[in-house]
Amino acid sequence: MLDDLLELEHQGWRSLCEGTGADFYGRIMTEDAVMVLAHGQVFDRQAVVESLNDAPPWRTYDISEERLVTLGEDHAALVYTGRGYRGVGAPDLVALMSSVYTRQDGSWRLALYQQTPVPMQQ
């Protein structure tokens, strides 16, 4: 389960780097899914898709310290530290991230995603 969900997170990050995040998250999010973002907003699925249509791409990303919280056979949360880089050098975003997945019709779907910013070390 950890490998499957971690691969979905990588697919999501790669889509954000390639500028195809709106399509990816429009497909993978459940109908009533939400994202709780680091800047203090909560976006439903439609707002996520709309915001990603105009979002600048990430240059690269890093996922570390990942761990799985099993909530049942068809439900789990993936928690990790994510770093997103747009420019060269220090990351533009460092956050603790959690993604709650549910299996629907045999496929994992994203039900809840949350970012908690980690203050930059000077």
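## The largest pocket

The largest pocket has a volume of about 440 Å³. A pocket here is an open set of points on a 1 Å grid over the protein atoms alone, with protein on both sides within 12 Å along at least five of seven lines. Its volume is the space filled by probe spheres set on the points, which are joined across faces, edges and corners.

In this predicted model, local features need pLDDT of at least 70 and side-chain atom pairs count only at pLDDT 80 or more, while totals for chains, interfaces and linings use all residues. Residues are numbered from 1 along each chain, and side-chain values use heavy atoms, without hydrogens and water.

## Lining of the pocket

The largest pocket has 20 lining residues (those with an atom within 4 Å of a point). Nearest its centre lie Leu16, Leu37, Leu52, Trp58 and Gln115. Two or more lining residues come from each of α1, α3 (45–53) and β6; helices (H or I, at least four residues) and strands (E, at least two) are DSSP runs numbered from the N terminus.

The lining comprises 15 nonpolar, three polar and two charged residues. Ala, Val, Leu, Ile, Met, Phe, Trp, Tyr, Cys and Pro count as nonpolar, Asp, Glu, Lys and Arg as charged, and the others, Gly among them, as polar.

## The cavity

The largest cavity has a volume of about 40 Å³. Among its lining residues are Glu9, Phe24 and Tyr101. At least two lining residues come from each of α1 (2–18), α2 (21–28), β5 (93–104) and β6 (107–117).

Methods
On a 1 Å grid over the protein atoms alone, a cavity is a set of points where a 1.4 Å probe fits but cannot get out, and a pocket is an open set with protein on both sides within 12 Å along at least five of seven lines; lining residues have an atom within 4 Å of a point.
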